[in-house]
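Hi,

Here is the structure I said I would send over. Have a look at it first, and then read on for what turned up when I went through it.

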Amino acid sequence: MGYKNKMLKRQRRKARRLGQRGERTAAVLLREMGWEILDRNYGTKHGEIDIVARSGDVVVFVEVKTRRKALRARPGEAVGHQKRENLTRAARQFLREIGFPDVRYRFDIVELLMNGIWLRDMAHYPNAFREK
């Protein structure tokens with residue numbers, strides 16, 4: 001394995017660890033807001049939902065975006081059209097599996113900016129997008 005491949009693998013591992021840390025942090029923050037966490041990293045052939053939670057009588061599908069630096073774009077802007085489509089399909093499958101296809105639900109984005117292991121900034125976007 002060449003040097004370039006090793007560096008890419010290392011970057012992917014670091015990014016995966018950062019994402020996992022962000023998802024854990026977001027779950028804690030949502031619990032502190034009184035939400036019930038129903039599932040984490042719910043996976044389907046369409047992709048993965050980072051957090052499935054319940055806020056009151058609404059099931060909330062949460063996409064968590066974590067970055068070390070804001071750069072020019074906010075982390076939540078990384079949720080493009082295809083990702084939204086995949087989240088919608090995965091959410092429908094989740095609801096069918098739990099036997100509540102007609103329950104109220106929404107899609108939120110939580111974005112976190114981390115400074116090492118410390119949370120530097122957090123933004124929560126309820127109803128970040130709607131399915132078509």
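Let me start with a side chain you can pick out quickly: Phe 94 is buried, because its relative accessible area is 6%, under the 20% cut-off. Before you read too much into any of this, bear in mind that the model is predicted.

Phe 94 has a partner. Together with Phe 61 it makes an aromatic pair of the edge-to-face kind, with 5.9 Å from centre to centre and 85 degrees between the planes. Phe 94 belongs to helix 2 (residues 81-98) and Phe 61 to strand 3, so the pair ties together parts that are 33 residues apart in sequence. Phe 61 counts as buried too, at 2% relative accessibility. In total the structure holds six aromatic pairs. Both Phe residues also belong to one aromatic cluster, made up of Tyr 42, Phe 61, Phe 94, Tyr 105, Phe 107 and Phe 129.

Now the overall layout. The protein has two helices and five strands, and along the sequence they come in the pattern α-β-β-β-α-β-β. Its radius of gyration is 16 Å, close to the 14 Å that the globule rule gives for 132 residues, so the protein is as compact as a globular protein of that length. The C-alpha trace spans about 50 × 30 × 25 Å along its principal axes. Of the 132 residues, 34% are buried. If you take the contacts with a separation of 6 or more, 54% of them are between residues 24 or more positions apart. The accessible surface comes to about 8400 Å², and carbon and sulfur atoms account for 48% of that.

Next, helix 1. This helix runs over residues 3-32, and at 1.5 Å a residue its 30 residues should span 44 Å; the end C-alpha atoms are 44 Å apart, which agrees. Which of its residues are buried? They are Leu 18, Gly 22, Glu 23, Ala 26, Ala 27, Leu 29 and Leu 30. As a reminder, residues three or four places apart in an α-helix point the same way, because there are 3.6 residues a turn. The cover over the buried residues of helix 1 includes strand 1 (36-44), strand 2 (47-55), strand 3 (58-67), strand 4 (105-115) and strand 5 (118-129). Just after the helix, Gly 34 has a positive phi of about 95 degrees.

That leaves the strand pairing, which I'll take in sequence order:

- Strand 1 and strand 2 run antiparallel and are joined by seven bridges. They form a hairpin with two residues between them, and Ile 37 stands opposite Ala 53 in strand 2.
- Strand 2 and strand 3 are also antiparallel, with five bridges. Ser 55 has Val 58 in strand 3 as its bridge partner. Their hairpin has two residues between the strands, and Gly 56 there takes a positive phi near 65 degrees.
- Strand 4 and strand 5 pair in the antiparallel sense over eight bridges, with Tyr 125 in strand 5 as the bridge partner of Ile 109. They form a hairpin with two residues between them, and Gly 116 in the turn has a positive phi of about 70 degrees.

Cheers

How values were computed: Residues are numbered from 1 along each chain as its sequence is written. This is a predicted model: local features need pLDDT of at least 70, side-chain atom pairs count only at pLDDT 80 or more; totals for chains, interfaces and linings use all residues. Side-chain values use heavy atoms; hydrogens and water are left out. Helices (H or I, at least four residues) and strands (E, at least two) are DSSP runs, numbered from the N terminus. The expected span of a helix is 1.5 Å times one less than its number of residues. Buried means under 20% relative accessible area, exposed over 50%, partly exposed in between (1.4 Å probe, protein chains only). Contact means heavy atoms within 4.5 Å. Two strands pair if DSSP finds at least two bridges between them. Rings of Phe, Tyr and Trp (its six-membered ring) pair if their centres lie within 6.5 Å; planes under 30 degrees apart count as stacked, over 60 as edge-to-face and the rest as tilted. The radius of gyration is taken over C-alpha atoms; the globule rule is 2.2 Å times the number of residues to the power 0.38. Accessible areas come from the Shrake-Rupley method with a 1.4 Å probe; for residues, only the protein chains shown count as cover.
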